[in-house]
Amino acid sequence: MEIRDIEAAIEGILFAAGEPVDLGRIAAVLALEKNEVSDIVDRIADRLNCPESGIRLVRMENSAQLCSAPEYADIIRMVLEERKPPKLSKSCLEVLAITAYYQPVTKAVIEQIRGVDSDYSVKVLCDRGFIQQQGRLNVPGRPVLYGTTKDFLRVFGISSIDQLPELPGTETDAEGQMKLADAIEKLKAERITEE
């Protein structure tokens, strides 16, 4: 690798990390000596740490991090505060958990489990992209079936629904698990794929 490529790779690593990265780790990945990486990081810092740049490279002992220039902190804060979605309410988290564990699931089943109307929570979760319609049941009224999305997996740091932890109290209740599995399979069998 040429020095320009190495600088670009280190800059990309620091940008993607979003937190301090150990220089030894970077050196190991790039097959370089730690002091070589340190010198390159210093050159990147010299280039970025100027009034014309909105980004700064900060060194902390044996690590480095990219961050925004302090003189732009107020502007950056205003933009990010507007962009940051509010946290999910307790009711939304309940609906999301029910949907994740019992999908595909109808709103009626969600409401039966929760014991309260869940229209608002389902709408919020659909709007935020955590759940989506996954077809309809082939029964009178054709209720909508809901399931989680790829955004749900990404936000919760899992690659598939199979990685969800066991529901408390179900791992020892084999009969209950069989009934649940049968009910889910019945829902899937009655389901009409995509509208």
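Buried means under 20% relative accessible area. The model discussed here is predicted.

Q: How many residues of strand 6 are buried?
A: Strand 6 spans residues 144-148 and is mostly covered. On one side lie Val144, Tyr146 and Thr148, on the other Leu145 and Gly147, and both faces are covered. The number of buried residues in strand 6 is five of five.

Q: Which residue stands opposite Leu145 of strand 6?
A: Strand 4, residues 105-106, is joined to strand 6 by two bridges, and these strands run antiparallel. Leu145 is itself buried. The residue standing opposite Leu145 is Thr106.

Q: Which residue stands opposite Thr148 of strand 6?
A: Strand 5, residues 131-137, runs antiparallel to strand 6, with four bridges joining them. Thr148 is on the side of strand 6 that also holds Val144 and Tyr146. Opposite Thr148 stands Ile131.

Q: Which residue in the turn between strand 5 and strand 6 has a positive phi?
A: Strand 5 and strand 6 are antiparallel. They form a hairpin with six residues between them. The turn residue with a positive phi, of about 90°, is Gly141.

Q: What is the reach of helix 5 from its first C-alpha to its last?
A: Helix 5 covers residues 90-102 and has 13 residues. At 1.5 Å a residue, the expected value is 18 Å, and the helix comes close to it. The reach is 18 Å.

Q: Which helices and strands do the buried residues of helix 5 pack against?
A: In helix 5, the buried residues are Cys92, Val95, Leu96, Ile98, Thr99 and Ala100. Their packing partners include both strands and helices. These partners are strand 4, helix 6 (107-114), helix 7, strand 5, strand 6 and helix 8 (150-155).

Q: What is the bridge partner of Val58 in strand 3?
A: Strand 2 (residues 55-60) pairs with strand 3 (residues 63-68) in the antiparallel sense, over six bridges. The two strands form a hairpin with two residues between them, and Glu61 in the turn has a positive phi of about 45°. The partner of Val58 is Gln65.

Q: How far apart are the closest N and O atoms of Glu7 and Arg43?
A: Glu7 lies in helix 1 (residues 3-17) and Arg43 in helix 3 (residues 34-48), so the pair, 36 residues apart, links distant parts of the chain. Glu7 counts as buried because its relative accessibility is 17%, whereas Arg43 is partly exposed at 39%. The closest N and O atoms of their salt bridge are 3.3 Å apart.

Q: Which residues are linked with Glu7 in a network of salt bridges?
A: Glu7 meets Arg47 in a salt bridge of 3.9 Å, N to O. This pair also links distant parts of the chain, with Glu7 in helix 1 and Arg47 in helix 3, 40 residues apart. Arg47 is partly exposed, with a relative accessible area of 42%. The residues linked with Glu7 in the network are Glu11, Arg43 and Arg47.

Q: Why are Lys123 and Asp127 separated by about one helical turn?
A: Lys123 forms a salt bridge with Asp127, the closest N and O atoms being 2.8 Å apart. An α-helix has 3.6 residues a turn, so residues three or four places apart point the same way. Asp127 counts as exposed, at 56% relative accessibility. The separation is about one turn because Lys123 and Asp127 are four residues apart in helix 7 (residues 119-127).

Note on methods:
Residues are numbered from 1 along each chain as its sequence is written. This is a predicted model: local features need pLDDT of at least 70, side-chain atom pairs count only at pLDDT 80 or more; totals for chains, interfaces and linings use all residues. Side-chain values use heavy atoms; hydrogens and water are left out. A salt bridge is a side-chain nitrogen of Lys or Arg within 4 Å of a carboxyl oxygen of Asp or Glu. Buried means under 20% relative accessible area, exposed over 50%, partly exposed in between (1.4 Å probe, protein chains only). Two strands pair if DSSP finds at least two bridges between them. The expected span of a helix is 1.5 Å times one less than its number of residues. Contact means heavy atoms within 4.5 Å.
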